[in-house]
Amino acid sequence: MRKAILFDQRLSLLRKQAGLSQKQLGEVIGVSNKAICTMENGTRETTFERLVLLAEFFHVSTDYLLGVTADPAWRGAPLEEGKS
């Protein structure tokens, strides 16, 4: 089985593309900036709940965050007007 977990790299890329600090992203999902830092360094994993929060926030699939697919397309419910 091939290992294709790219979570740390994709999290860092999405955060930077959104123009967010690690502290700001941590506030979104309820963790410290140090927790975001360690996730981006690959030394810490996250919970399923936070993985889903990240996917919803960045509007990408959890499969994309985990490296299962290169397609970031969101397949969840449409976002409500005025929310990102």
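This is a predicted model: local features need pLDDT of at least 70, side-chain atom pairs count only at pLDDT 80 or more; totals for chains, interfaces and linings use all residues.

I begin with helix α1, whose buried residues pack against α2, α3, α4 and α5. Helices here are DSSP runs of H or I of at least four residues, strands are runs of E of at least two, and both are numbered from the N terminus. By packing I refer to contact, which is defined as heavy atoms within 4.5 Å. Buried means under 20% relative accessible area, exposed means over 50%, and partly exposed lies in between, with a 1.4 Å probe and protein chains only.

Residues are numbered from 1 along each chain as its sequence is written, and side-chain values use heavy atoms, with hydrogens and water left out.

The protein has five helices and zero strands, and along the sequence the pattern reads α-α-α-α-α. Of its 84 residues, 31% count as buried. Among contacts with a separation of 6 or more, 49% are between residues 24 or more positions apart. The accessible surface, from the Shrake-Rupley method with a 1.4 Å probe and, for residues, only the protein chains shown as cover, comes to about 5700 Å², and 53% of that belongs to carbon and sulfur atoms.

Returning to α1, which of its residues are buried? They are F7, R10, L11, S12, L14 and R15. Just after this helix, G19 takes a positive phi of about 70°.

Helix α2 spans residues 22-29, and its buried residues are L25, G26 and I29. These cover an arc of only 105° around the axis, which puts them on the same side of α2; the arc is that of the directions from the helix axis to the C-beta atoms. K23 and E27 are exposed on the other side of α2. An α-helix has 3.6 residues a turn, so residues three or four places apart point the same way. The cover over the buried residues of α2 includes α1 (7-17), α3 (33-40) and α4 (48-58). After α2 comes G30, with a positive phi near 80°.

In α4, the buried residues are L51, L54, A55 and F58. Seen down the axis of α4, they fall within an arc of 100°, so they line one face of the helix. What covers them includes α1, α2 and α5.

A55 is buried, with a relative accessible area of 2%. Leaving aside residues up to four places away in sequence, A55 touches V60, S61, T62, L65 and W74. The C-alpha atoms of A55 and W74 are separated by 8.1 Å, although the two are 19 residues apart along the chain.

What follows α4? The answer is H59, whose phi is positive, near 60°. Most residues other than glycine have a negative phi, and most peptide bonds are trans. H59 is found in the loop between α4 and α5 (62-66), and with a relative accessible area of 32% it is partly exposed.

S61 has its place in the loop between α4 and α5. Is S61 buried or exposed? S61 is buried, with a relative accessible area of 12%. With residues up to four places away in sequence not counted, S61 touches A55, T69, D71, P72, A73 and W74. The C-alpha atoms of S61 and P72, 11 residues apart along the chain, are separated by 5.7 Å.

By contrast, T43, in the loop between α3 and α4, counts as exposed at 63% relative accessibility. A pocket is found on a 1 Å grid over the protein atoms alone, as an open set of points where a 1.4 Å probe fits, with protein on both sides within 12 Å along at least five of seven lines; lining residues have an atom within 4 Å of a point. Of the 14 lining residues, I5, F7, E45, T46 and L66 are the closest to the centre of the pocket. Helices α1 and α4 each supply at least two residues of the lining. The lining divides into six nonpolar, four polar and four charged residues. Here Ala, Val, Leu, Ile, Met, Phe, Trp, Tyr, Cys and Pro count as nonpolar, Asp, Glu, Lys and Arg as charged, and the others, Gly among them, as polar.
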